[in-house]
Amino acid sequence: MLNIALPKGRLGDKVYEMLKTIGYECDDIQSDTRKLIFVNEKCGVKYFLAKPSDVATYVEYGAADIGVVGKDILVESESDVYELLDLNIGKCRMAVAGRNDYVEDINRPVRVATKFPNVARKYYRSKNREIDIIKLSGSIEIAPVLNMSDVIVDIVETGTTLKENDLSVFEEIFPISARLIANKSSYKFKTDEIDTIVSKLRNNVK
């Protein structure tokens with residue numbers, strides 16, 4: 001039995017459709033239920049639904065053999081897992097953004113509002129720039145508007161929210177998309193099963 005962690009929501013729905021297409025269906029998962037675990041013994045799979053930010057943790061600790069997670073969460077969590085395949089869905093980008101009239105003061109640390117402190121630290125460390133992290137969990141676009149921060153480090157999809165708040169992208173840090181990941185021990189003992197899924201998915205990635 002292969003244990004597969006899927007993120008709740010639209011991304012998880014898209015990933016399940018991909019897996020269903022290649023022969024790993026589990027019809028109960030699309031029923032109107034509050035269940036979180038779904039099994040198809042014939043296909044040899046057990047799915048469970050998790051909060052997107054927790055999927056990498058479930059995989060790292062072996063509760064799931066494989067899972068699907070956004071590159072943003074993978075980089076932020078620094079989870080010790082294998083990244084097997086870019087599924088080319090859920091595409092967006094991690095970026096630095098701020099007010100259109102922002103001018104950086106190089107004589108003091110940059111005040112950075114973000115949900116991704118590890119990403120922000122790594123990025124600014126690569127630029128030899130000191131920063132002060134302001135950790136937020138909601139709509140962080142308001143932070144520079146209220147002069148709470150100089151910039152934000154966040155996910156940008158269309159950029160509409162930024163434009164409507166007189167903000168713009170200054171620099172892109174890395175592209176984001178959904179990635180198939182595996183527990184390192186599981187990959188060692190279930191190599192054939194996991195490689196079969198990877199191969200079939202690769203042929204279906206557009």
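1. Start with helix α4: its face turned away from the buried side carries the exposed residues Arg125 and Ser126. Exposed means over 50% relative accessible area, buried under 20%, and partly exposed in between, with a 1.4 Å probe and protein chains only. Helices are DSSP runs of H or I with at least four residues, strands are runs of E with at least two, and both are numbered from the N terminus.

2. This is a predicted model, where local features need pLDDT of at least 70 and side-chain atom pairs count only at pLDDT 80 or more, while totals for chains, interfaces and linings use all residues. Residues are numbered from 1 along each chain as its sequence is written, and side-chain values use heavy atoms, with hydrogens and water left out.

3. Which residues of α4 are buried? In this helix (residues 117-126) they are Pro117, Val119, Ala120, Tyr123 and Tyr124. Seen down the axis of α4, the buried residues fall within an arc of 160°, so they line one face of the helix. That arc is taken from the directions from the helix axis to the C-beta atoms.

4. The buried residues of α4 pack against α3 (71-77) and several strands, including β6 (92-99), β7 (110-114) and β8 (131-135). Contact here means heavy atoms within 4.5 Å. After α4 comes asparagine 128, with a positive phi near 55°.

5. The largest pocket has a volume of about 500 Å³. Closest to its centre, of 19 lining residues, are Arg10, Leu11, Gly90, Cys92 and Glu157. A pocket is an open set of points on a 1 Å grid over the protein atoms alone, where a 1.4 Å probe fits, with protein on both sides within 12 Å along at least five of seven lines; lining residues have an atom within 4 Å of a point. The volume is the space filled by probe spheres set on the points, which are joined across faces, edges and corners.

6. Where does the largest pocket lie? Domain 1 (2-90 + 177-204) and domain 2 (92-175) both give residues to its lining, so it lies between them. The domain bounds come from an automatic or database assignment.

7. The second largest pocket has a volume of about 310 Å³. Of its 18 lining residues, the closest to the centre are Glu141, Asp154, Ile155, Val156 and Glu157. Strand β9 gives the largest share of this lining, four residues.

8. Overall, the protein chain has eight helices and 11 strands. Of its 206 residues, 43% count as buried.
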